Amino acid sequence: MEIRELRQFVTVAEERHFGRAAERLGIAQPPLSRTITQLECRLGVALLERTSRKVTLTEAGSVLLAEGRAILAAVAAAER
């Protein structure tokens with residue numbers, strides 16, 4: 001898993017919306033959706049439940065969100 005992928009997942013999980021997450025990240029929505037789908041495939045688990053109106057976290061997604069935030073904080077601290 002790349003830091004970029006983790007950052008994108010955390011942003012989608014926090015926003016609970018692909019469009020807002022893409023805007024926050026400064027990227028287009030389709031590549032963001034592909035990145036998350038590819039991440040789920042590689043991990044072999046669904047991280048998000050998607051409907052036409054909302055995005056919710058699965059249990060695995062909740063775990064990755066908590067761990068991902070900690071990892072991104074550690075990366076930011078190391079960069080400082």
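Student: Is T35 buried or exposed?
Tutor: The model is predicted: local features need pLDDT of at least 70, side-chain atom pairs count only at pLDDT 80 or more, and totals for chains, interfaces and linings use all residues. Residues are numbered from 1 along each chain as its sequence is written, and side-chain values use heavy atoms, with hydrogens and water left out. Buried means under 20% relative accessible area, exposed over 50%, and partly exposed in between (1.4 Å probe, protein chains only). T35 has 9% relative accessibility, so T35 counts as buried.

Student: Which residues does T35 touch, apart from those up to four places away in sequence?
Tutor: T35 is found in helix α3. Contact means heavy atoms within 4.5 Å. Leaving out residues up to four places away, T35 touches R4, E5 and Q8.

Student: In what order do the elements of the protein run?
Tutor: Helices (H or I, at least four residues) and strands (E, at least two) are DSSP runs, numbered from the N terminus. The protein has four helices and two strands. From the N terminus on, their order is α-α-α-β-β-α.

Student: What is the radius of gyration of the protein?
Tutor: The radius is taken over C-alpha atoms, and the globule rule is 2.2 Å times the number of residues to the power 0.38. For 80 residues the rule gives 12 Å. The protein is close to that value, so it is as compact as a globular protein of that length. Its radius of gyration is 12 Å.

Student: What share of the residues is buried?
Tutor: The C-alpha trace spans about 40 × 25 × 20 Å along its principal axes. The protein has 80 residues. Buried residues make up 34%.

Student: What part of the accessible surface belongs to carbon and sulfur atoms?
Tutor: Accessible areas come from the Shrake-Rupley method with a 1.4 Å probe; for residues, only the protein chains shown count as cover. The accessible surface of the protein comes to about 5000 Å². The part belonging to carbon and sulfur is 53%.

Student: R42 meets which residue in a salt bridge?
Tutor: A salt bridge is a side-chain nitrogen of Lys or Arg within 4 Å of a carboxyl oxygen of Asp or Glu. A search of the whole structure finds seven. For R42, the N to O distance is 2.7 Å, and the partner is E5.

Student: How many residues apart are R42 and E5?
Tutor: R42 sits in helix α3 (residues 29-43) and E5 in helix α1 (residues 3-15). The pair links distant parts of the chain. E5 counts as buried, at 4% relative accessibility.

Student: Which residue does R69 pair with in a salt bridge?
Tutor: The closest N and O atoms of the pair are 3.0 Å apart. R69 lies in helix α4 (residues 59-79) and its partner in helix α1, so the bridge ties together parts that are 55 residues apart in sequence. R69 is partly exposed at 43% relative accessible area. Its partner, partly exposed at 31%, is E14.

Student: Leaving aside neighbours within four places in sequence, which residues is V10 in contact with?
Tutor: V10 lies in helix α1. At 5% relative accessibility, V10 counts as buried. Neighbours within four places aside, V10 is in contact with L65, G68, R69 and L72.

Student: What is phi of R16 near?
Tutor: R16 is found in the loop between α1 and α2 (18-25). R16 is partly exposed, with a relative accessible area of 36%. Its phi is positive, in a residue other than glycine, and is near 60 degrees.

Student: By what distance are the C-alpha atoms of R53 and H17 separated?
Tutor: R53 has its place in the loop between β1 (48-50) and β2 (55-57). R53 is exposed, with a relative accessible area of 78%. R53 and H17 are 36 residues apart along the chain, and their C-alpha atoms are separated by 8.7 Å.
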